[in-house]
Amino acid sequence: MGGAAAALVLGSKLVLWSVYAVGIYFACKFAYEIRIYAIVNYGYVIHEFDPWFNFRATKYLAEHGWHAFFHWFDYKAWYPLGRPVGTTIYPGMQITSVAIWRAMPHYMPLLGLQPMSLNDVCCMVPAWFGITASVSLGALTAECSGTWSAGVAAAAIMAVIPAHTMRSVAGGYDNESIALTAMCTTFYFWTRALRPDPAVADGRATKASVVFGVLCGAAYVYMVAAWGGYVFVVNMIGVHAAALCACGRYTSKLHRAYSLFYVIGTLGATRVPPVNWAPVRNLEQMGPLLAFVGMQLLEYVEVQRRARKLSVLQVQLLRAKLALPIALALVGAAALLMQVGYFGPLSARVRGLFVKHTRTGNPLVDSVAEHQPANEQAYSHYLHHIYHIAPYGFFLSLVRFTDANLFIVLYAGTAYFFSNKMARLVILLGPVASALGGVLLGVAADQLLVRPVARLGSRILRLPSPPATGAAEAAAAEGAEEEEEEEDRSGKDASASAKERRKKGGKGGAKAEAALGEAWSHARALGALAMEGVELVYANPVSCLLRIALGAYAVYWCVPRGREFYDYSHQLAEGLSQPQIMFKAKTYNGQEVMVDDYREAYWWLRDKTPEDARVMAWWDYGYQITGIGERTTIADGNTWNHEHIATLGLILSGNEQKAHSIARHLADYVLVWAGGGGDDLAKSPHMARIGNSVFRDICPGDPTCSKFGFYQGGQPTPMMEECLLYKLTMHGQRGIAANESLFQHVFTSRYGKVRIFKVRRVSLKSKKWVADPANRRCDAPGSWYCVGQYPPALAPLIARRKNFAQLEDFNTKRSSEDEAYDKEYHERMSGRKGPSDGPGGGGGSKGRPGLWYLGCVGAEALLGEERTYSGGADGSTLAEARAFAKEAGSRYVALARSGMDGHAFAIPALPPGWKAGSLDDAGCSTPCLDFQEYGCGCADELCAEAGVSAVRGEEHVRRWAIYEVVAKGKKKAKKGSPKDEM
C-alpha cells in the first residue's frame, strides 16, 4: 500500500505541474497573438519615430561590427553638429536583435523554416520579448507568493494587460519592449537568491544566494544595457535589502545575494557607454551604494556573533560601535568629494518626479506632453479589471510575511507612487499589478479548488496529506528555518547572558530572563495549538465541499469578467498596433484606402536626391528621414540640444526671406507635413515658442507667441501669414504659394500629407566648410569623437542665442530674467493671462462665429468613429474650430481647450447615443480665447483647475464642447443662454 500511495502522490504532483505547464503555454500563446495585429494588418513595418532610429542603429551594428558601433559619430543627424551615437545609446536591444538574426541561419533550417531579414527580426522582437516578460513575471510571482497557481495567473494577466502591450506590440521597436523582460528576470533572480535552504541554519549563506546572486547581477547588466530605467531597478533592490535589515531579517544569504548583485551589476553597468561611472557618482544611485557598505558592516558583526556567540544586546552594541565611525567617515568623504565636484546632482527628470507640476516650463518638453500625472482613468485604461482586484492581492501579500513577499509589497507601493507622478511610468506598474492580480486569483484557486480537492482525494484514498510543491515548499521551509533560528538564537543568547550574570553574581536577572523565555514558549505553544484547531475545521470534509462549491461559483463569476478583460485588451492592442507611419482611411465616397504618404515622401528623398542632401524638417520626423530616406537631417527625437531645435523653430516661424538667409547654409531641402490632422500648422505654436525661448526677439514680451496663429474665420495673423512654415504647408491652396526663387516645390505626396521644397541658392561654401573634417572639434588628436560646428556665415546668429534655463532644471542657477520669463510663460499657458492683441484679442470677439452649442461630453468615443483631429488654436478658439470643420467638410466640431492651445475634432455626424454621456460642469464652461462668454471645454490642467476628472474608461481628462456649424449670424428660434444662441 505504501508504494501505491507514493505513486498516487507522485501522479497528483505530475498532474498539477502539467496543469501549470499548460497554463504557461496558453499565457505565451496569448502574449504572442495579442502583439501581432500590426504584422497581420500592415506587414513587417517599423512604427512611429523612435523605433526608426533603433532600427537604423541595429543595421549599423550588423553591417559595421562591434568596434565601429561604439565609435560611431553620426554626421547624418543633428547637422552640422552630429551625434556621438556610440556614447549616447543603450545598446542592449541592438545587440540582442543582431544576435538573434545571426543565429537564425544556424537553427531555423533545422526547424524547416527560412531565416528572417533583419527588418523582420526587429519587428518581431517586441512580440517575442512580450512572451519572455510574461513568463519571468510568472516566475517572480510564484517565488514571492509561494504558489505556482498565482504565478500562472500572473503570467496570463501580464500576457495581455494593456500596461504591457502599450510598449511591446510587433513593430514597436523601442527599448521598453525588451526592458520589461530584463527587469522581471532581474527581480526573479533576486527573490530566488533569498529562498531559504532547510539544510542551512543560524543565518548562514546558502548556495542559492551565491548562484542566483551572480545571475541577478548579470541580468541587471542586461537591464542597464537595454533601458535608462535601470535606475529604478537598482534602487528597488536596494530598498528591499535595506527594508529586510530594518525588519530584523538580516542573514548572510542576504549579504551574499546583494553583494554579488551589486558588485557584478555595477562593474557591468560602468561598461555601458551612457552610464559610465554614474553608479558611483550620481546622487540617485547613492542609496544602493550605501546599502552595499552597510551590508558589509552587518556581515562582519554576523561573523563575530557566530564566532564569539554574542547575545542580541552585544550584537546591537557592536553594530552601533562600528556604524558611528564609518558613518562619520562617509559624511566627511562625501563633503570633500562634493566640494571638488565629484558627485553629479540629481537629474531634473528624477527630481521632477517629486514635484507637483503640470507644465515643465520648457516649451520643447510641453510640446511632447508626456509628463502629465496619471489619474484613476489612466489606471483603468491600462489595467482594466486588474486595477480593481490588485489591491486585494496587495493585502493578501501583507498577510504572508517572507523575504520575497516583502519585495512585491515594496515594488507595488513604489511603482504606484511614480506612475501617479508621470502617466508614462504606468509601464512600471503593469508587471506588479499583474502579479498582485495573480496572487488573488492563485490563492483563491488554491484555497477553494486545488487544496480541498486534494484533501478529499487523500481522504478517500487514505493517503497522506498532499505535499506542498515548488515555491510553497520554500515558503514552508522559510517559516521553519526562521522558527528554528529564533529558538536557537534565543537559547544561545539566554545561555550566554545567564553565564555572564552568574560570573557577576546576578542570579536575579538570570531567573527573570528564564521566566520570560518560558512565557514566550507557552505563548507560542498556545498559538500553534489554536492553528491546529483551525486547520482541523478548515480541512474537514464538509468544509472542503463548501470551499469547492464557493470555488465553482467564483469560477462562474470570474469567467465572463475574464473574457471582458481579454476582449478589451485585444481591442486596445489592435489600436496600439497601428504603425502611424501608414494608416487606413476612407475617402469621401466611403472607399477604404491605405495612406502611405510619409514613406512615399521619404522614399522620394532616398531615390531622387543626392546622397549628401540635407533635409530640414521639424524634429519629430528626423529619425524617419535618416532611417527611411537615408538623408542628413537637422534634428531628431533625441532632443539633446534645446538651442539647436530653437534655431530650427526660428527658421520655420520666420518670414521667407529671413528663413532662407539661414536655411541656405544648413539645408538643401525642406520637408513639411500638411493635409490637416496633426500637420505642421497644428504644431506651429510649439515651434515659435521653442524658438522664442532662445531667440527672445521672435515674440518680444510674449513667451507663448500668441500673435503666431489665426484670427476668426481661419485668417492667419500677419506673423503666421509671413512665416515660411505657413507658405510651405499651404502651398497651392487658397492662392498661397511659396517664393519659388527661394524654395522650389518639387514633391507632394499622393494624398497631400507631405510636401518637399528645394532650397535655392544653397551656400556651397558653408556646405563644404562643414564637410571638411579639419573644421570639427575633436576631444583628442586622432579621436573619433569630433563635434561639427556651424559654418562661419552663421556665427552672428549663433552669438544671439540665449541658453535656455527651464523650471525643471534644478541644477542650474537661474537669473531674474529667466524667472520672469518662466512666470509669464506659465500664466499665459494656463489661460490666466491672455494676449493683448493676438488671436482673439484676449478680451473676446464680437459677433457670432456661426456655431450652435449642442452639449458637452467627457468620452472621446461619443464623438463618433469618423472624426478628424486637429490641435493648436483649433481647440481653443471658436473661429479656428469653425474654419477647421468647414475645411474638413464636417457639420460638427468638438473642442477641448488646454491653455492657449487645445484639441479639436471635425465630426461629419454625431452618433445617436451621444447625449447619454452629456455633462454640464465647470470644465465644459472653460471660456474660449476669442469668445470668452462661450465654453470651449477643457483638457488636462485646465480641467484640473476646474475641479473635474476624466470620465470612466478615458485615459485623459477631457471635456469636449460640441458645436454645430451654421451660417454666421443665424440664431436659434428659442432664446437661451449665450451658448444656446450659438
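I looked up cysteine 144 first: it is buried, with a relative accessible area of 1%. Buried here stands for under 20% relative accessible area, exposed for over 50%, and partly exposed for what lies in between (1.4 Å probe, protein chains only).

I noted that the model is predicted, so local features need pLDDT of at least 70, side-chain atom pairs count only at pLDDT 80 or more, and totals for chains, interfaces and linings use all residues. Residues are numbered from 1 along each chain as its sequence is written, and side-chain values use heavy atoms, with hydrogens and water left out.

I then turned to disulfides. A disulfide is a covalent bond between the sulfur atoms of two cysteines. I took a pair of cysteine sulfur atoms within 2.5 Å as a disulfide, and by this rule I count five.

I examined cysteine 699 and cysteine 705, whose sulfur atoms are 2.1 Å apart in a disulfide. Their link is right-handed, with 110 degrees about the S-S bond. Cysteine 699 is buried at 6%, and cysteine 705 at 3%.

I next recorded the disulfide of cysteine 856 and cysteine 924, with sulfur atoms 2.1 Å apart. The torsion about its S-S bond is about -80 degrees, so this disulfide is left-handed. The pair joins distant parts of the chain, 68 residues apart: cysteine 856 lies in strand S12 (residues 851–857), and cysteine 924 in the loop between strand S15 (901–907) and strand S16 (938–939). Strands are DSSP runs (E, at least two residues), numbered from the N terminus.

Finally, I looked at cysteine 122, which is in no disulfide; the nearest cysteine sulfur, that of cysteine 123, is 7.2 Å away.

Terms used. Helix = DSSP H or I, 4+ residues; strand = E, 2+ residues; numbered from the N terminus.
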